[in-house]
Amino acid sequence: MSTTETRPPRPAVLTGIVGFAVVMLYAIAGALQILVWNPLAAVPGATLGQIRAEMALAGESLSANGVVTWAGIGLLLAGVILLVATMRRTSRVWPVIAAYLVLLVFAAPGHFFVSFGPGMSLADTFLISGADHTPWGMVLYLVSAAALLALIVVIIRAARAVSAGAE
């Protein structure tokens, strides 16, 4: 008979895993939007290699370093939240949810910031608008807006719980 028992993962850990996965999907989609999908939509009929070659001739680039750094920082922060959720002895999920929602809220301004340079490089090279040419950038901003609304609900819920406990 074995003395080891397997316990199911705590709810906070499961929430952390889901939160990490959502942030990872956001980071991957954001990087693909900036470096692949938007350039292909901005210059229809051209391959990504042709677009990059034309940009290089014009002295421009998609500046992947900033985009990869943005995605990496998001994943690192998401990993820290997951690590904390795993190491803590509590099962409370709301702080974990709130932390991931904060990451998703701040992902939108970060995405805008890192997409500005590549968008302007496309605009300068091909004499087009530097704005998004695919709907995926707007989808990412809508996800961040939904995260902001959800975060507000979580904060109101927590404030009500505290005030109900004080009475």
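Reply: A residue is called buried under 20% relative accessible area, exposed over 50%, and partly exposed in between (1.4 Å probe, protein chains only). The model is predicted, so local features need pLDDT of at least 70 and side-chain atom pairs count only at pLDDT 80 or more, while totals for chains, interfaces and linings use all residues. Numbering starts from 1 along each chain as its sequence is written, and side-chain values use heavy atoms, without hydrogens or water.

Leu 151 is buried, because its relative accessibility is 12%. This leucine lies in helix 5 (helices are DSSP runs of H or I with at least four residues, numbered from the N terminus). Setting aside residues up to four places away in sequence, Leu 151 touches Ala 98, Leu 101 and Val 102 (contact means heavy atoms within 4.5 Å). Between Leu 151 and Gly 66 there are 85 residues in sequence and 27 Å in space, C-alpha to C-alpha.

The largest nonpolar core has 34 residues (such a core is a set of buried Ala, Val, Leu, Ile, Met, Phe, Trp, Tyr and Cys residues joined through side-chain atoms within 4.5 Å). At least two residues of this core come from each of helix 1, helix 2 (48-57), helix 3, helix 4 and helix 5 (136-166). Helix 4 gives the largest share, 11 residues. Tyr 26 and Tyr 100 have the most contacts inside the core. Beyond four places in sequence, the contacts of Tyr 26 include Trp 70, Leu 104, Ala 107, Leu 140 and Tyr 141.

Helix 3 (residues 64-87) packs against helix 4 (residues 94-126) at an angle of about 175°, the axes being 11 Å apart (axes are lines fitted to C-alpha atoms over the stretch in contact, and angles run from 0 to 180 degrees between N-to-C directions). The pair is therefore roughly antiparallel (over 145 degrees). Trp 70 and Gly 66 are among the contact residues of helix 3, and Tyr 100 and Ala 107 among those of helix 4. By class, the contact has 13 nonpolar, four polar and no charged residues (nonpolar covers Ala, Val, Leu, Ile, Met, Phe, Trp, Tyr, Cys and Pro; charged covers Asp, Glu, Lys and Arg; the others, Gly among them, are polar).

Asn 38, in helix 1 (residues 11-42), is buried at a relative accessible area of 4%. A polar atom of the Asn 38 side chain lies 2.5 Å from the backbone nitrogen of His 133. Contacts of Asn 38 beyond four places in sequence include Leu 122, Asp 132, His 133 and Thr 134.

Conventions: Parallel < 35°, antiparallel > 145°, perpendicular 65-115°, else oblique. Polar contact = N/O pair within 3.5 Å; in protein donor to acceptor, adjacent residues only side chain to side chain.
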